[in-house]
Every structure is written in C-alpha cells, then in structure tokens.
Amino acid sequence: MSTVEDLRPVPVMLGGVRGGPDTRTLRRDRWWVNPLVTVGFLTAFVVYSTWAVFQNGHYYVGASAHRDLISPFFSPCLTASCVHGARGALFITWWAISPGILVLGGPLGFRLTCYYYRKAYYRSFWQSPPACGVADGHGSYSGESRFPLILQNVHRYFFFIALAFNTILTIDAVMAFRMPGDGGIGVSLGTVVLVVNATLLWLYTASCHACRHMCGGNVNQYSHHRVRHRIWSILTPLNARHMQLAWASLTFVAVADIYVRLVASGAFHDPKIF
Ligand code: FES
C-alpha cells in the first residue's frame with residue numbers, strides 16, 4: 001500500500017546506484033528476507049551434508065534390525081569399505097575414505113548448475129543482484145558468457161546423471177519394503193521415508209527446465225509431434241513448481257539421511273506400519 005512517504009521523490013543519479021548515492025534501492029518492502037533465508041538454508045544443508053558424509057557410519061540399517069534402509073548420501077555404496085549389505089555392484093578397493101564422497105559429485109553438480117539454484121545463490125551469496133530493483137553488489141557483470149560461469153551449461157548433461165541416481169534411489173526405496181528375517185515384505189516408517197524421497201527427486205528432475213526443453217522444445221508444430229506435446233503438457237505445470245520441488249527434495253534428502261542415521265545408531269526404532 002502506498003504511503004505519503006512512498007510518494008516522496010527519491011534522488012536518482014544517472015549512471016549511479018539505483019535510488020541515488022546513499023541507497024541501493026527504491027524498494028521499501030523486506031526484499032532482503034528471501035536472500036537471507038536462502039543463505040541460511042543452503043549453508044545449513046552444506047554443513048550438515050558435509051558432516052554426515054565424513055561421519056562414514058550409521059548410513060545403513062540391515063538384516064540385524066530386520067530392515068534394508070540406506071541413506072541417500074551413501075547410495076550407491078561403491079567401495080570395499082561399505083558396510084555389509086549396503087554394497088552396490090561395483091567395488092572400489094583403493095578408496096580409503098568415506099564412500100559418500102564418491103556419491104556427492106552427481107547430485108551436487110546437478111543442483112549446483114540448476115537454473116533455479118543459480119538464481120537463488122547468485123542473488124543470495126553473490127548479491128548479483130540480491131533482488132529485483134536492488135543494486136548489484138558488484139561493479140561489473142559478465143553473465144554466464146565466459147569462464148567459469150559458462151560451465152553452467154553442463155546442466156543438461158548432469159540431468160542424465162541425475163536420472164541414474166534417481167533410478168538407484170528408487171531401487172533403494174523398493175528394497176526398503178524388504179523386512180529380512182521378519183516376514184519378508186512389509187512397510188515401515190523407513191520405507192515411507194525412502195519412497196517419499198525418491199518420489200520428490202523424480203518430481204524435481206522431471207520439472208527441470210532442461211528436461212522440459214529436451215522433451216518439448218525445438219518443435220515448430222506440435223500437431224506433428226503429438227507424443228512430445230503430451231509430454232510437454234505434463235511437464236509444464238511441474239516446471240512451474242520447480243522452485244518448490246527443489247527445496248522440498250533437498251530438504252527430504254537430509255530428512256532421509258537423518259532418519260536412517262537415527263535408526264542405524266539405535267537412537268530410534270523404525271516402526272513397522274504393516
Ligand atoms: S533447471 Fe533445476 S534441475 Fe534443471
């Protein structure tokens with residue numbers, strides 16, 4: 001709502017900072033909340049995930065607890081040091097530190113180059129610009145047309161790596177229906193956690209801008225490409241929610257790790273639903 005104060009003329013210097021030399025913006029709303037929350041959330045996630053990966057323990061709940069639950073931070077578990085039952089098909093014998101580090105690269109590269117996350121961290125961490133109508137925190141701007149930011153274009157390739165990870169985490173979610181030594185098949189809270197995690201990751205990946213373009217872009221006449229048009233019509237509403245899916249899936253990856261960690265460490269007993 002406009003106030004008398006809002007209508008007062010604000011000095012603007014051509015070629016200078018928006019709003020004149022003393023202020024970076026004419027905006028009077030709390031535009032700084034969004035970048036501040038983004039910095040807080042992303043920092044918390046990076047600190048937690050780094051801690052969790054370097055813990056190198058409590059990432060798998062196996063037959064001794066009648067469960068088959070693995071943390072998404074450690075799947076696929078590829079090294080010979082992986083705990084029994086958590087091993088994937090490939091064994092890397094010379095890797096001496098946490099197997100979680102080997103898993104990091106794919107999902108991290110996909111998220112780091114994501115169009116939405118780029119906007120979020122350019123605005124919040126680099127202040128470039130921090131919000132619409134707020135002066136850039138830097139004197140110059142070269143965009144993503146040169147090194148190193150031109151490398152963000154690899155996002156479309158990370159999309160395929162993300163598909164591979166989603167498939168593996170979906171297999172983990174299916175395996176979580178196993179209740180070894182306890183009646184074969186069932187559903188526990190841990191099963192639900194891994195199923196929700198895999199579902200959110202698929203939704204986030206399907207809502208990707210690069211995915212929408214690959215499926216429905218570069219077409220002159222949809223009437224000649226009915227299947228692509230159908231896929232594009234399904235992906236478009238998802239794409240409109242990409243930001244929400246980005247945050248929900250990121251949060252739930254951490255929730256899934258915390259859940260498996262609590263059960264594996266014995267701090268919490270995974271309840272069987274049926
Ligand atoms: S644009 Fe965000 S995952 Fe592709």
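Predicted model: local features only at pLDDT ≥ 70, side-chain atom pairs only at ≥ 80, totals over all residues.
Local features need pLDDT of at least 70 and side-chain atom pairs count only at pLDDT 80 or more, whereas totals for chains, interfaces and linings use all residues. Residues are numbered from 1 along each chain as its sequence is written, and side-chain values use heavy atoms, with hydrogens and water left out.

Side chains of opposite charge can pair when their charged atoms come close. A search of the whole structure finds five salt bridges (a side-chain nitrogen of Lys or Arg within 4 Å of a carboxyl oxygen of Asp or Glu). One of them joins Asp 270 to Arg 67, with 2.6 Å between the closest N and O atoms. Asp 270 follows α8 (242–264), and Arg 67 sits in the loop between β1 (60–61) and β2 (69–70), so the pair ties together parts 203 residues apart in sequence. Helices (H or I, at least four residues) and strands (E, at least two) are DSSP runs, numbered from the N terminus. Both Asp 270 and Arg 67 are buried (under 20% relative accessible area; exposed is over 50% and partly exposed in between, with a 1.4 Å probe and protein chains only).

Glu 144 and Arg 118 form another salt bridge, at 2.8 Å from N to O. Glu 144 belongs to the loop between α3 (115–124) and α4 (155–175), and Arg 118 to helix α3, so this pair links parts 26 residues apart in sequence. Arg 118 is buried, at 5% relative accessible area. Glu 144 is partly exposed, at 28%.

A further salt bridge pairs Arg 27 with Asp 29, the closest N and O atoms lying 2.7 Å apart. Arg 27 is partly exposed, at 31% relative accessibility. Asp 29 is also partly exposed, at 39%.

In soluble globular proteins, nonpolar side chains tend to be buried together. The largest nonpolar core holds 35 residues (a core is a set of buried Ala, Val, Leu, Ile, Met, Phe, Trp, Tyr and Cys residues joined through side-chain atoms within 4.5 Å). Tyr 59, Phe 73, Tyr 116, Tyr 117 and Tyr 204 touch the most other members. Two or more residues each come from α1 (33–55), α3, α4, α5 (189–206), α6 (209–216) and α8. The most come from α8, which gives six.

Contacts of Tyr 59 (heavy atoms within 4.5 Å), not counting residues up to four places away in sequence, include Leu 69, Ile 70, Phe 74, Cys 77, Val 83, Pro 99, Val 260 and Ala 264. A second, separate core has 11 residues, among them Val 61, Ala 173, Ala 176 and Tyr 259.
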